[in-house]
Amino acid sequence: MKFEVKNEQFYLNDEPIFISGAEMHYFRVPKSEWRDRLDKIKEAGCNVVSTYIPWCFHEKEEGNIDLTGRTLPEKDLKSFLDLTQEYGFLVLVRPGPYVMSEIREHGLPFWLFEKYPEVIAKRIDGTNHVIVSYLNPTYLKLVDKWYKAVFEILTPRQFTHGGNIIMVQLDNEVGMFQWVMNHPDYSDIVLESFAKYLENKYTLRKFQTLFSTTETSIKEFVYTNLKQPQKTNATVLMNEFMLFHRDYFRDYLNTLKSIGEKYGLNVPIVVNVHGFSSIDYAKRGTQYPIGLSQLLHTKQISNMVLAGDYYIGNVVPDNYYDLLLANAFTKAVQPKYQPLFSAEFQSGFQYNKPRLQPATQDLISRICIGNGMNGINYYMFVGGINYENISLLGYRHEWQAPISMRGELRPHYNVIKHLNEVINAYGKALLEATPVNHLHIGFIPDYFMTEYSNQYTAEFTHRLKNLRETLMYNGLGKALGFNNVSFTGINLQDDEEIDVQKVPTLLVVSYDYVNEKIQRKLVNYVKNRGKLLITPYLPTKDFNQNSCTVLIDELQLKPLERKEWQSIQVDTIDNVIAMITETYDELNAYAYIENNKQTVGFVKSYGQGKLIVFGAGMISEHDHHMDAYFEVIKKLDIDSIIKTDDWLNVMVREGENGTFLFINNLEEYDKYTTFTYKNELLFEGKKLRVPIRKGLILPINWKIDEELIINYSTGEFTACKVSDDIVYLTLQALDEEWVVLTTTYDVFVENGRIIELGNNQFKIVTNSNCKVTITLK
């Protein structure tokens, strides 16, 4: 078996595959019931089983590691992995050291902190943190012993040795605890490493200038000023400490990888990113990019796959666009060879709040797949029980999982099963089709470098968080989503210049702070035929809050003043309330403040390109706010990817062997609409019904083989089998569906009628609300 990650795809034996994973914790399911759960996972159409391997469960006493079930059957990792191979599953394993997963000490052995207190991270006042110091030598020696034991089981079962383990996740959500507690590790080993980082980065003179100090010992400066921040250098020092942590987290994961490699690890490693947050019924992803920022430099680790943890709660019109932004920003920073992948994709939650609905499971999966995600690991897929008092939450571990702790099937099990059938039906044609995007959003990771703050930086951090959440997410992001403007992301902090051929249109959300290097990159982009939209402020400072006006100076722009809560007019849309505004001494205004006609939006040619400035930030509280944003976006010469009569979330994936429309109705009523794509009315103008809280994946020009093309279908296919010159197709008809196909085969249909159109083209008109079988011989 050969497994590869390349060309933005997962490949198995040189064929692209969609990873549909099911998280099953063998240590939480009675061994006698393992086969029952694997049977049900198989029946659901999943092809990957994923599991943590909790160190604390297998090494209850130091030195006594049980991975074969000699002390408890449920510890028999060896047999479980062998069983997954018997079933034909691929496997993702996560041997820690940290696993979290509602386990005491987050998966570390319970004896570790008591016997080795020197491994504990330190708070700013010298007291103990709740986590270990990642690069503490004693801790790493203990991890070495654990990895040696666990890789004796894992190494021979990797696909490179004829086994079925395709990826190994090292640790879990690195940096998450430090962020949520606003408390990094102040251990001596960390502070010494930070001092060396600064010594390597700056000459003494540059260091003294940057930090406004006469101190000649960088180490002494770090120890004194990090623990007792000074107003004169608190901002730049905290920024540098957070920048250092990107290297520190990378080095920790690289160290774990090296230990694993010593014991035979030689498959891709997974680094998973934290950040979605609970907001009652519907969660939000507004803080997810903080995790991306923290783990930014893990991209430098070889043979690494970056994966997001996606927990959106119940998806509704007011949060679904967080998934689109999460995908765009992840795409911007992940290795270019990999597809979008979620190692923890919500199929339940540890509490019953929010109570997740089956429709949510369907919609979030379709939205992300339509947006280019080619790998989903449903977490949790199987509920269970906690043995030996390892849990923080009692012995039950239900998680609202599709398969309960007793093996019962919950409604969203069938939702996932159906979707797997659809993905498998479209197969290679869908996987090789890529999302059609008309816009790139410039991702600036430093805007999300807000995981730590002190008394001098807290106000700046709070303002930055407020601006990005209210304007990027609840303002512009929502407007892009509701207007079906398809977009992806680009990391503006990468070293290379922006390729205008690949990025013809670029949107940059600027909150005044943009480093000189990025400002120069944007100037060059416009000069070289790029179309740039920048909003709501033109940058005047760098991230250390020093003056930086490269873009303003080079493009000869003239900002005047900033105000809050102004009524503006955008083209013909009047009385649009903007939270913040910036005015300019510019003519040719398309947007202005209504009471004094001062310009807030203008278009300017520069070099061979075009600059659109929109000096207003709005919360998309009403349709006219989103309409106003859309008028601005259209000045980049782009439009909605698809036109509909009533609002639906629609995405498109196009490839050599087919175009696939992902149509999602997130609202609480059936919708009837036509679809227009590339100025062409689709489906012969037929109005389709998209049911309440449902999604559809519809093919256009789907080439099944040399003798069969599905020109279009208004219904979703659930099976496609090609065997001995016979093609079997199954379609789920909601209403009377139309399928137009071109083929030299003879066509037969069950639950429908065939109309010959000539030139080997046929139209099938199905019955309503039934399963339709099409056979071609």
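Axes here are lines fitted to C-alpha atoms, for helices over the stretch in contact, and angles run from 0 to 180 degrees between N-to-C directions. I also noted that helices (H or I, at least four residues) and strands (E, at least two) are DSSP runs, numbered from the N terminus.

**Before I start.** I am looking at a predicted model, where local features need pLDDT of at least 70, side-chain atom pairs count only at pLDDT 80 or more, and totals for chains, interfaces and linings use all residues. Residues are numbered from 1 along each chain as its sequence is written, and side-chain values use heavy atoms, with hydrogens and water left out.

**Entry 1: α12 and α13.** I looked up helix α12 (residues 321-333) and helix α13 (residues 358-370), whose axes come within 10 Å and cross at roughly 35°. Which residues meet here? I found L323, L324 and N327 on the α12 side and I364, I367 and C368 on the α13 side, with contact meaning heavy atoms within 4.5 Å. I sorted this contact by class and got 5 nonpolar, 1 polar and no charged residues. For the classes, Ala, Val, Leu, Ile, Met, Phe, Trp, Tyr, Cys and Pro count as nonpolar, Asp, Glu, Lys and Arg as charged, and the others, Gly among them, as polar.

**Entry 2: helix α1.** Next I checked α1 (residues 34-43), where W34, R37, L38 and I41 are buried (under 20% relative accessible area, with a 1.4 Å probe and protein chains only). Why do they line one face of the helix? Seen down the axis of α1, the buried residues fall within an arc of 95°, so they share one face; the arc is that of the directions from the helix axis to the C-beta atoms. Their cover includes β4 (19-23), β5 (48-52) and α3 (77-86). Just after α1, I spotted G45 with a positive phi of about 90°.

**Entry 3: α1 against α3.** These two helices pack at an angle of about 35°, with axes 11 Å apart. I saw W34, R35 and L38 of α1 meeting S79, F80, L83, T84 and E86 of α3. This contact divides into 4 nonpolar, 2 polar and 2 charged residues.

**Entry 4: the cores.** I then looked for nonpolar cores, sets of buried Ala, Val, Leu, Ile, Met, Phe, Trp, Tyr and Cys residues joined through side-chain atoms within 4.5 Å. The largest has 263 residues, and I41, F381 and F614 have the most contacts inside it. Helix α10 (residues 234-262) gives this core its largest share, 12 residues. A second, separate core of 21 residues includes F683, V690, L696 and W738.

How values were computed. Buried < 20%, exposed > 50% of the residue type's maximum accessible area, 1.4 Å probe, protein only.
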